[in-house]
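Please look over the structure below before reading on.

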Amino acid sequence: MLEGTAVEVYRFAVANPTWTTQEVSDATGYTLKHIEDAIQELESQRLLTPGADGGWVAISPDTALADAVDEDERTMLQLRSRVSERRREFASIVPIFLEARAQAVGSGSVEVLEDPAKVRRLLIDSGRDVMSNVLIAQPGQGSTADVQEESVRKDLELLQRGIERKNLYPTGTRDHVPTRKAVAAVTEAGGEFRVLPFVPLRLMIFDKNLAIVARQLDPGDKAALVIRDPNLVHIFTVLFELAWEIASPFLDDAGPNSPLSSTQQSILNGLAVGYSDEVIARRLEISVRTCRRHIAWMLEELGADSRFQAGIKARDAGWI
């Protein structure tokens, strides 16, 4: 934080309460100009303050820090107060918005959010205000370690508040180390995670009265459907619970007879129901080339001449 001259001047000032600039110069060998510059730097950091006799008094780092951040803390409190007030103001007009929208389109139950920033804000606010449970279906092959670290922190906060949390992931995420570590940490605190070969929808349900569903018109679509109609939310909740019942615990590894990774098991399940390579790759969010490479390895490992024969041999071998 401080340059070399400032450090030496501060050290001398602390050890010699009645110091002068000439004494510092004699002791350290720095010119008076350098010492004056150091004094200005120390004063700006609140580590020196003018004394009653015209000299300078050294201030402890703790006191200087408290003085430096006091104004910032007051500003933060004022900002938080303003944000809370704005939140209350906007919350008060939500019923007006829904009523007017219902009159315009016949229903205020579904809202489309095109802006990803607004979607993230809604997710944050909904997570903060949730009272009883959160149900999540999350497609994809897992997020980065940094994203998972933030997710773990939020999950633990919810669990500490007594919020029930259920997560559905694709089977392939078992192979993703950051996701696996995050699941282990949250599971230990009471979170629940299960996997399906495919998770078709990106979905979050809060308190079973608000559902946020990714629109997914195409791979680049970032819009979300915000559903408040209790009948529609109930349907999504029922679908989630049905999927949850047939899903497997995340931390249950593949059986001892299966040499497959979780991703390969998902590919094999896709082949068993007749999906094309392109469909399987899209659902697992892997490239078609990677998908075909896994398929070729499994055909060779099973000694199968066709995908149909591979399915039969995989079942006989206990792979699926």
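Which residues lie nearest the centre of the second largest pocket? They are Ala 91, Val 94, Leu 122, Asp 125 and Arg 228. The model is predicted. The points below take the pocket and then the helix contacts.

**The second largest pocket**

- The volume of the second largest pocket is about 1,000 Å³.
- Its lining counts 25 residues.
- By type, 13 residues of this lining are nonpolar, ten are charged and two are polar.
- Helix H4 (61-105) gives at least two lining residues, as do strand S3 (110-113) and helix H5 (116-129).
- H4 supplies the largest share of the lining, with nine residues.

**Pro 61 in H4**

- Helix H4 also holds Pro 61.
- Leaving aside residues up to four places away in sequence, Pro 61 touches Tyr 10 and Leu 47.

**How helices are compared**

- Two packed helices are described by the angle between their axes and by the distance between those axes.

**H1 against H3**

- The axes of helix H1 (residues 4-15) and H3 cross at roughly 80° and come within 9 Å.
- H1 and H3 are therefore roughly perpendicular to each other.
- On the H1 side, the contact uses Thr 5, Ala 6, Val 9 and Tyr 10.
- On the H3 side, it uses His 34, Ile 35, Ala 38, Ile 39, Glu 41 and Leu 42.
- Seven residues of the contact of H1 with H3 are nonpolar, two are polar and one is charged.
- Tyr 10, part of this contact, is also one of the residues that Pro 61 touches.

**H2 against H3**

- Helix H2 (residues 21-28) packs on helix H3 (residues 32-44) at an angle of about 115°, and their axes are 10 Å apart.
- That angle makes H2 roughly perpendicular to H3.
- The crossing of H2 past H3 is right-handed.
- From H2, Thr 21, Gln 22, Val 24 and Ser 25 take part.
- They meet Leu 32, Ile 35, Glu 36 and Ile 39 of H3.
- This contact of H2 with H3 has four nonpolar residues, three polar and one charged.
- Ile 35 and Ile 39 of H3 meet H2, and both also belong to the contact with H1.

**H9 against H10**

- What is the angle at which the axes of helix H9 (residues 262-272) and helix H10 (residues 277-284) cross? The axes cross at roughly 140° and come within 10 Å.
- That makes H9 oblique to H10.
- The crossing of H9 and H10 is right-handed.
- H9 brings Thr 263, Ser 266, Ile 267, Gly 270 and Leu 271 to the contact.
- H10 brings Asp 277, Ile 280 and Leu 284.
- The residues of the contact of H9 with H10 comprise four nonpolar, three polar and one charged.

Notes. Residues numbered from 1 in each chain as written. Predicted model: local features only at pLDDT ≥ 70, side-chain atom pairs only at ≥ 80, totals over all residues. Heavy atoms only, no water. Axes fitted to C-alpha atoms, helices over the stretch in contact; angles between N-to-C directions. Helix = DSSP H or I, 4+ residues; strand = E, 2+ residues; numbered from the N terminus. Parallel < 35°, antiparallel > 145°, perpendicular 65-115°, else oblique. Left-handed = near helix turned anticlockwise from the far one by under 90°. Contact = heavy atoms within 4.5 Å. Nonpolar A, V, L, I, M, F, W, Y, C, P; charged D, E, K, R; others polar. 1 Å grid on protein atoms, 1.4 Å probe; cavity = no way out; pocket = protein on both sides within 12 Å on 5 of 7 lines; lining within 4 Å. Points joined across faces, edges and corners; volume = space filled by probe spheres on them.
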